[in-house]
Amino acid sequence: MRSIKVKLGLLAVCNACAGGLMLVWGYGLGVRGRITLPVALLISVVMTQILAHGMTSPLREMTAAARVMARGDYRRRVRVTSRDEVGELGRAFNRMAADLAEVEQQRREFVANVSHELRTPITALRAVLENVADGVTPATSEVIEGAVAQTERLGRLITQLLDLSRVEAGAVSLDLASFEIGPFLRAAVAEARVGHPDPVFTVRAESGLTVRADRDRLHQVVANLLDNAARHSPPGGTVTVTAGPQAGALSLQVQDEGTGIPAGERAQVFERFSRGSASHVGSPGGGTGLGLAIARWVVDLHGGQIAVADSAAGCLIRVLLPQPIEGTS
């Protein structure tokens with residue numbers, strides 16, 4: 001039965017029938033009502049206890065499971081055998097428990113990954129400073145530059161973590177404005193060349209093409225995509241940035257000449273601290289595993305889409321921003 005109200009109604013009918021039959025049976029045998037009536041009530045109570053026990057067992061299991069979950073154990077599940085409202089509640093409870101278990105697992109992985117990412121530059125910086133202080137390593141410009149690079153990596157990681165926390169908390173607002181995409185991309189590429197002098201950067205954008213977006217947030221997307229492409233390109237490789245209109249949206253593509261990303265890992269590279277294989281995301285080039293996750297959330301804020309697209313060589317990441325394009329050449 002799909003309704004607990006029907007079950008309760010049938011229970012009331014059964015109790016009434018049992019009491020009536022007991023009174024009729026006692027009257028036929030000449031037994032007085034003061035005897036048959038208590039017996040009929042006793043039978044009704046027993047029947048109610050037996051049937052109600054089965055109907056309320058999922059509620060008792062949910063109460064016990066909730067107490068266990070309050071202690072941090074989300075593995076407990078409720079047995080659901082009925083199709084009524086209590087059964088639906090039990091299935092919803094199991095789904096909630098599974099979601100909470102997944103969130104808890106993600107939280108633990110996030111804490112572990114953050115601890116690992118923070119430990120690496122701090123340990124390296126400490127080793128450099130201790131060697132310089134003990135006189136083991138002279139304080140040459142190369143040593144100082146290495147220490148500065150570790151502090152910069154630590155600063156980037158902290159900034160990215162703060163950005164992620166703001167985005168997930170819904171505290172990030174967009175300051176939309178119209179601007180020309182060509183000069184914007186060339187400025188972002190100029191900044192990328194400072195940190196990655198080896199790759200050859202190429203920008204292909206239609207003249208006069210403008211887009212309405214948050215300039216600073218979109219710069220985060222482009223900077224992270226350029227950093228990812230530069231780190232995974234071979235020495236002397238080319239990183240190509242392309243922008244153009246596509247069905248009333250802005251299509252922004254960044255392609256490198258690296259080994260690419262396997263099809264089975266393309267959806268995972270936009271997750272926090274995603275590492276993938278050693279040949280791309282999370283390679284020893286210094287990535288934190290947060291850049292593409294931030295890019296995805298910024299694109300989502302704009303109502304757009306970001307994905308790894310098919311390409312003949314290397315990795316091609318395409319961003320579609322559905323904001324209306326104000327003009328093209």
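1. In what sense do β6 and strand β7 (residues 316–321) pair, and over how many bridges? The pairing of β6 with β7 is antiparallel and runs over five bridges; two strands count as paired if DSSP finds at least two bridges between them. Within this pair, Ala307 stands opposite Arg318 in β7.

2. Some remarks on the basis of this note follow. The model is a predicted one, in which local features need pLDDT of at least 70 and side-chain atom pairs count only at pLDDT 80 or more, while totals for chains, interfaces and linings use all residues. Residues are numbered from 1 along each chain as its sequence is written, and side-chain values use heavy atoms, with hydrogens and water left out.

3. The chain contains seven helices and seven strands. Here helices (H or I, at least four residues) and strands (E, at least two) are DSSP runs, numbered from the N terminus. Read from the N terminus on, the elements follow the order α-α-α-α-β-α-β-β-α-β-β-α-β-β. Of the 329 residues in the chain, 37% are buried; buried means under 20% relative accessible area, exposed over 50%, and partly exposed in between (1.4 Å probe, protein chains only). Among contacts (heavy atoms within 4.5 Å) between residues at least 6 apart in sequence, 67% join residues at least 24 apart.

4. The sheet is open and consists of five strands in the order β2-β4-β5-β7-β6, with mixed pairing. From one strand to the next, the twist averages 15°. Helix α6 packs on this sheet, where it touches β2, β4 (238–246), β5 (249–255), β6 and β7, and its direction makes about 170° with that of β7. Axes are lines fitted to C-alpha atoms, for helices over the stretch in contact, and angles run from 0 to 180 degrees between N-to-C directions.

5. β2 and β4 are parallel and share six bridges; Phe201 has Val239 in β4 as its bridge partner. β4 and β5 are antiparallel, with seven bridges, and Val241 is bridged to Val254 in β5. The hairpin of β4 and β5 has two residues between the strands, and Ala247 there takes a positive phi near 50°.

6. Ala205 lies in strand β2. Is this residue buried or partly exposed? Ala205 counts as partly exposed because its relative accessibility is 26%. Apart from neighbours within four places in sequence, Ala205 contacts Ile181, Gly182, Leu185 and Ala243. Its C-alpha atom is separated by 9.7 Å from that of Pro245, 40 residues apart along the chain.

7. Ile306 belongs to strand β6. With a relative accessibility of 12%, Ile306 counts as buried. Neighbours within four places in sequence aside, its contacts are Leu225, Phe270, Ala295, Arg296, Val299, Ile317, Arg318 and Val319. The C-alpha atoms of Ile306 and Ile317 are 7.1 Å apart, and these two residues are 11 residues apart along the chain.

8. Two packed helices are described by the angle between their axes and the distance between the axes. For helix α6 (residues 215–231) and helix α7 (residues 291–301), the axes come within 9 Å and cross at roughly 145°. This crossing is left-handed; a crossing is left-handed if the near helix is turned anticlockwise from the far one by less than a right angle, and right-handed if clockwise. On the α6 side the contact involves Arg217, Leu218, Gln220, Val221, Asn224, Leu225 and Asn228, which meet Gly291, Leu292, Ile294, Ala295, Val298 and Val299 in α7.

9. Helix α7 is mostly covered, with nine of its 11 residues buried. Among the buried residues are Ala293, Arg296 and Trp297. After α7 comes Gly303, with a positive phi near 75°.

10. Helix α5 (residues 181–195) also packs with α6: their axes come within 10 Å and cross at roughly 50°. α5 is therefore oblique to α6, given that angles under 35 degrees count as roughly parallel, over 145 as roughly antiparallel, 65 to 115 as roughly perpendicular and the rest as oblique. The crossing of α5 and α6 is right-handed. Ile181, Phe184, Leu185, Ala188, Val189, Glu191 and Ala192 in α5 meet Arg215, Leu218, His219, Val222 and Leu226 in α6.
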